[in-house]
Amino acid sequence: MVRNVILGALALLCCACLLGAGCTTTGPAQTNTTTPVPVNTTAPVTPTETVIGMPNPAAAWCQEQGYGYETRKDAAGNEYGVCIFGNGTEADEWAVYRAATGAFNETANGTAVNATVGDIVGISLRENPTTGYLWNATLSSGLTLLNDTYTVDPHSEGMVGVGGTHLWLVRADAAGNQTFSAVYKRPWENTTGTEDTFSLTLKVA
């Protein structure tokens, strides 16, 4: 009996030692060896697009017509362009361009339009010099002829009898009713009153 008690006590003592050792034993410390990933806080760069500037249509038109062209500066340093015609007259490139591209044609015959002193007006009429017929134009004293040109229609090489367009650019220099009129005839023939005519009145203020 005593022997059994002693054996039991020894067994309990061994268990207590084993449990105590298990509770107090610690493993090696864990080290975080993961390398942090850097964060890119810079916004993505968008490639800069190269914008190709459109040519100035007014300047291009003046030069395509064979007129002189100059870029100048006003008193404030602002740049502007002028068309210089063969007769020495000149005008602002945009005023000329608008007049030419918005020119009055045969549909405006016999009509009146409003204008302001200094305005440039274009008149564009069909013409065919190969037949000998030309528009003979007359301007009232308050209008100044800046330029007039004839442009033949596009045609195949060697083709004859091709017509074209006659363009007049006039400037309103005086107030009042000013008139552009023209007669379509052969210059060497007398006027009979049966010819085609064109008339445009500018009411200049």
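**Close-up 1. The structure holds 1 disulfide.** The model shown here is predicted. A disulfide is a covalent bond between the sulfur atoms of two cysteines. In this structure, the partners are cysteine 62 and cysteine 83. Their sulfur atoms sit 1.4 Å apart. That places the pair within the 2.5 Å cut-off for a disulfide. Cysteine 62 belongs to helix α2, residues 57-64. Cysteine 83 belongs to strand β2, residues 79-84. The bond therefore ties together parts that are 21 residues apart in sequence.

**Close-up 2. The disulfide of cysteine 62 and cysteine 83 is right-handed.** Look at the torsion about the S-S bond. Its value is about 50°, so the disulfide counts as right-handed. Are the two cysteines buried or exposed? Cysteine 62 has a relative accessible area of 0%, and is buried. Cysteine 83 is also at 0% relative accessibility, so this residue counts as buried too. The cut-off for buried is under 20%.

**Close-up 3. Strand β9 pairs with strand β6.** Strand β6 covers residues 134-139, and strand β9 covers residues 176-185. The two run antiparallel. How many bridges join them? There are 6.

Close-up 4. In β10, its bridge partner is threonine 197.

Definitions and conventions
Residues are numbered from 1 along each chain as its sequence is written. This is a predicted model: local features need pLDDT of at least 70, side-chain atom pairs count only at pLDDT 80 or more; totals for chains, interfaces and linings use all residues. Side-chain values use heavy atoms; hydrogens and water are left out. Two strands pair if DSSP finds at least two bridges between them. Helices (H or I, at least four residues) and strands (E, at least two) are DSSP runs, numbered from the N terminus. Buried means under 20% relative accessible area, exposed over 50%, partly exposed in between (1.4 Å probe, protein chains only).
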